[in-house]
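This is a walk through a structure, for reading beside the coordinates. It goes from chain totals to single residues and their surroundings.

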Amino acid sequence: MLSAFDRDAERQRLLTRRTIVLGGLQAAAVSALVARLYYLQIVEGDRYTMLAEDNRISLRLLAPPRGLIVDRFGVPMALNEQNFRLTLVSERAGDPTQILTQIANLIPMPEPERRRILRDIQRSRAFAPVTVKENLTWEQVAAIEVNLPDLPGVSIEVGQVRSYPFGEAAAHVLGYVGAVNERELADGKGDPLLEQPGFRIGKNGVERRHDLALRGTAGNQQLEVNAVGRVIRELSRQEGQPGRQVTLTIDSKLQHYVQQRLGQERSASAVVMDVHTGGILALCSWPSFDPNQFAMGISSELWQSLLKDETAPLTNKAIAGQYAPGSTFKMIVGLAALEAGVVGPDFRVFCPGHYELGNHRFHCWKKGGHGSMNMHDAMKHSCDTYFYEVSRRVGVNRMAEMARRFGLGQRTDIDLPGERPGLVPDEPWKRRTLKAPWHPGETLIVSIGQGYMLATPLQLAVMTARLVNGGHAVQPHLTKAVEDLYRERTEWPAIGVTPAHLEFILNSMHAVTMEQGGTAFASRITHAGLEMGGKTGTSQVRRITMAERATGVRKNEDLPWRERDHALFVGYAPINAPKYCVSVIVEHGGGGGKIAAPIARDILLECQMLEAGRGPVADAGPAAAPAAAPAAAPAVAAAPAPAGEASR
Amino acid sequence: MIWDTGDDHMTIGEKLGQISWSLVLLITIVASVGFAMLYSAANGNLDPWASRQMVRFGAGLGLMMVCALIDIRIWMRFAYILYGLTLLLLLGVEFFGFVGMGAQRWIDLGFMQLQPSEVMKVCLVLALARYFHGATLEDTGRIPHLVIPLLLVLAPVALVLMQPNLGTALTLLFVSGALFFLSGVRLWKFGLVIGSGLAAIPVVWQFLHDYQRNRVLTFLDPENDPLGTGYHIMQSKIALGSGGLFGKGFLQGTQSHLNFLPEKQTDFIFTMLAEEFGLVGAVAFLSLYCLLLLYGFVIALRCKHQFGRLVGLGLTVNLFLYLFINVAMNMGLIPVVGIPLPLLSYGGTATLTVMIGFGILLSVHVHRDVRMSRRGISDF
């Protein structure tokens, strides 16, 4: 039997052996820990360092101020206004309910609003500011400021909101800004600004066309934040590039005047252009809308009412409205014929009031006919029969070719979104799109700017400018400069028409306004040296049936608005050295000479008055018309509408 | 006379001379690392953690000295009584305990809150050491002789599981297992127990609380639930990994100072250390801790009596388990269980029980040569 000592010794040897095993296991375990440390800290160290930085650093964008849009004289047309916002930080407010009651004594706060605020406070973190009220008036700001010592946690923050001082007068030119939508986000090429809550981008007009330049580039701010998002300190700050200033060719005073003048009609548009540079001085579409409401966030009721209005306030009719140009197209017909050599200026046609082609009868707007006409008189009286004959001789293809040289039938590429191309029909076009041969009768209808012909008011202004500037292919544009990025182009190549022919056409346009019996003689400018030339147009939007012609064509006034003729006028001034041109279309307004010509006259007069000293501007009221043309009224007060009429 | 330890008793002076002062110094160094980390955890303030932890450590140091001077035979004599009292305390938390961290673990003693389960780690070691001290190798080879120690183990484990505190229960099982192993229980018996234990996992799974199941599930795939329970593990790994080789510097740990790291002053303090001092600092710290463990092994093996050896090794294994479970949890190697890192983590009970443990370990060292009978009396 073993002694107690031996037994203990055996027990101790076993224990020692097993202790070594245990120690070995522990050493292995600790080695595993070290290996894991090595893996985490060295092998994966970079990844975790990045994750830690992601945790720690919150990158905030500093939205740059949006660039201003100014007119040609530097008058701001779109700018950024301060917007005062009342915020509450609940952790500093003590009892938010109490504070809200105090605020409610200073500014109106309906009960639902109050509940909304309390809900927001509960939802957000204690240090995060909650918006109590936006768009404070100056009085409200003052009232809060005075009481700030008694309102812990309350502060007034200044934001920026886009403001359009000319309101609806320049809405279609400037467009408006609005929140970024999904598609714009996708198209945004990853500009982080677009993802900023509350960021606004240009949605239409110049705001959209020059959005990138106006937007500027984002600055950024690196903030150190803790686990609950509280900002600990600013690590770095890089200022962005503020949006660039866009200078327009628009004259804001003229723009304002034109819009007011159009405001006397139900639905109209007008374009005023510098005939030499192509710079647009005014571009208006009436009715309009207030872009300021878009910048603030438009209500859905207002939006719906704008969408449903049959006069389409949201559409820029000056570039997107396509109308039959009516008799304003006759200059192109005449010029095409002269250039082609098929007729001379002295070519005469007898107008019995209608023109026979095959077994069709084409009517002149003047029921009894004009008698024997040369081209000068045909233009002055807008005789349809004369141009029926001329067009038959020159053919549709040569007319169309001339129309295109003068800017019709294609987009002018003006720097605005949403422009439409209009339409100049010819034989290949009809074969291509309608798969049908051209009928000779259709040529006649095109010659009076009806049928398939479509043009925008802008295209008509461009056509006029090219006619009166000595035949140079000016292109219309709104942008005069974008800071250091862009300067407008003012030199244009010659179209290449015979100067004598052009001068002849000009003289006949002169006669329309300045000679007794001209279709716009009643609306002429009588100020010496400021006279205008031009051409009236009345485009028919309905078909006049044989039955109606037999019983007497109904007067415009008797028709529903939608079926009345469009009134058109293209004009230029001053007559001896043309500088400005204008095109006016009054939708369903009636006769061009009676309705559109006075508007054009007022605009061209205003144009020149503004230039002559930037002096007092005539008020655009009905009273202005007699003042502008005091002697005009008696002679041709009841000048009939020079309608291009066509029966097929 | 109960205090009479026989004719080989030592004077206080002799005992003080025998104390391993280098071990005391090593403990103080490790604890000082802890103070520095708590100072950093409070963003460079002594309050609220570092200063209080210093006071506790001071008290713990005193307690350790007292424990070191108490004769190892006294410890042996009172082993069962201490075990019994602690078991009663464990029962107490079931009925009078306070709910902390989602589990009933603490009992309020007035001057401090006590976690009986922590104390039990020491007392179980004492009780099992006493039992096996009195058992010969032949005894440990017989299964009926293992019933009593098994009951000694299972009673507190069951109570701790009921709290519920899975981490501590497992620690108790591991420490006991080590003592069974060191006492000479055959390996095949361990195999049997471990095998049946594994087989019981599906059954145990049924009894686990939802939060415990979630911890296990999140551990298996932390990225799956980055905002929920996986958050702790993710953030801890990010903090550790971003420390790199040399760390971000003292007081510079972004993850800890910006509160991305949860529980940085208690369970995740090692992560904070590794973030601020990198792989170099973390390995240096682990080396210091391993040195502590080495002291434990050496003291135990140099002891002339089985009780002292088993107590020394039991306490060392216990310390190792704290270290391993805590650090492995910080690294995302095992599920998050609420186990602190002694001497580093902020917390009263863990500090005090570990200091008591070191005190008893020192007592083993001081009294390594005393003669001891099978019942703890110097009768041979």
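Chain B exposes about 15,400 Å², and 70% of that area is supplied by carbon and sulfur atoms. The model is a predicted one. Chain B contains 15 helices and three strands. Of its 380 residues, 57% count as buried. Among the contacts in chain B with a separation of 6 or more, 74% are between residues 24 or more positions apart.

The largest nonpolar core has 120 residues. Those with the most contacts inside this core are A:L37 from chain A and, from chain B, B:I27, B:F270, B:L292, B:F307, B:L343 and B:F358. Not counting residues up to four places away in sequence, B:L343 touches B:I27, B:V30, B:A31, B:G34, B:F57, B:L292, B:M355 and B:F358.

A:Q41 is a place where the two chains can be followed together. This residue lies in helix 1 of chain A, which covers residues 4-43. A:Q41 has a relative accessible area of 2% and is therefore buried. What surrounds A:Q41, leaving aside its neighbours within four places in sequence? The contacts are with B:L240, B:G241, B:G243, B:G244, B:L245, B:A274, B:G278, B:L279 and B:A282.

Back in chain B, B:H305 is found in the loop between helix 13 (269-301) and helix 14 (306-330). Is B:H305 buried or exposed? Its relative accessibility is 3%, so B:H305 counts as buried. A polar atom of the B:H305 side chain lies 3.0 Å from the backbone oxygen of B:H367. B:H367 is also one of the residues in contact with B:H305 once neighbours within four places in sequence are left aside; the others are B:I72, B:H133, B:R368, B:V370 and B:M372.

Charged pairs are the next topic. Over all chains, the structure holds 32 salt bridges. In one of them, A:R215 pairs with A:D211, with 2.7 Å between the closest N and O atoms. Both residues lie in helix 10 of chain A (residues 211-215), four residues apart, which is about one turn of the helix. A:R215 and A:D211 are both buried. The pair also belongs to a network of salt bridges that links A:R66, A:R162, A:E207, A:D211 and A:R215.

A second salt bridge joins A:R237 to A:E234, where the closest N and O atoms are 3.2 Å apart.

A:K430 and A:E442 are both buried.

Further along chain A is helix 21, residues 457-468. From its first C-alpha to its last, this helix of 12 residues reaches 17 Å, close to the 16 Å expected at 1.5 Å a residue. Helix 21 of chain A is mostly covered, with 12 of its 12 residues buried. The buried residues include A:P457, A:L460, A:M463, A:R466 and A:V468. After helix 21 of chain A comes A:G470, which has a positive phi, near 90°.

A:R466 leads on to the last stop, A:A494. The two residues are 28 residues apart in sequence, and their C-alpha atoms are 9.1 Å apart in space. A:A494 lies in the loop between strand 18 (486-487) and helix 22 (499-514) of chain A. With 55% relative accessibility, A:A494 counts as exposed, because the cut-off for exposed is over 50%. Leaving aside neighbours within four places in sequence, A:A494 is in contact with A:G471 and A:H472.

Conventions:
Residues numbered from 1 in each chain as written. Chains lettered and ligands numbered in written order. Predicted model: local features only at pLDDT ≥ 70, side-chain atom pairs only at ≥ 80, totals over all residues. Heavy atoms only, no water. Buried < 20%, exposed > 50% of the residue type's maximum accessible area, 1.4 Å probe, protein only. Polar contact = N/O pair within 3.5 Å; in protein donor to acceptor, adjacent residues only side chain to side chain. Contact = heavy atoms within 4.5 Å. Expected span 1.5 Å × (residues − 1). Core = buried A, V, L, I, M, F, W, Y, C linked by side-chain atoms within 4.5 Å. Salt bridge = Lys/Arg side-chain N within 4 Å of Asp/Glu carboxyl O. Areas by Shrake-Rupley, 256 points an atom, 1.4 Å probe, with all protein chains shown as cover.
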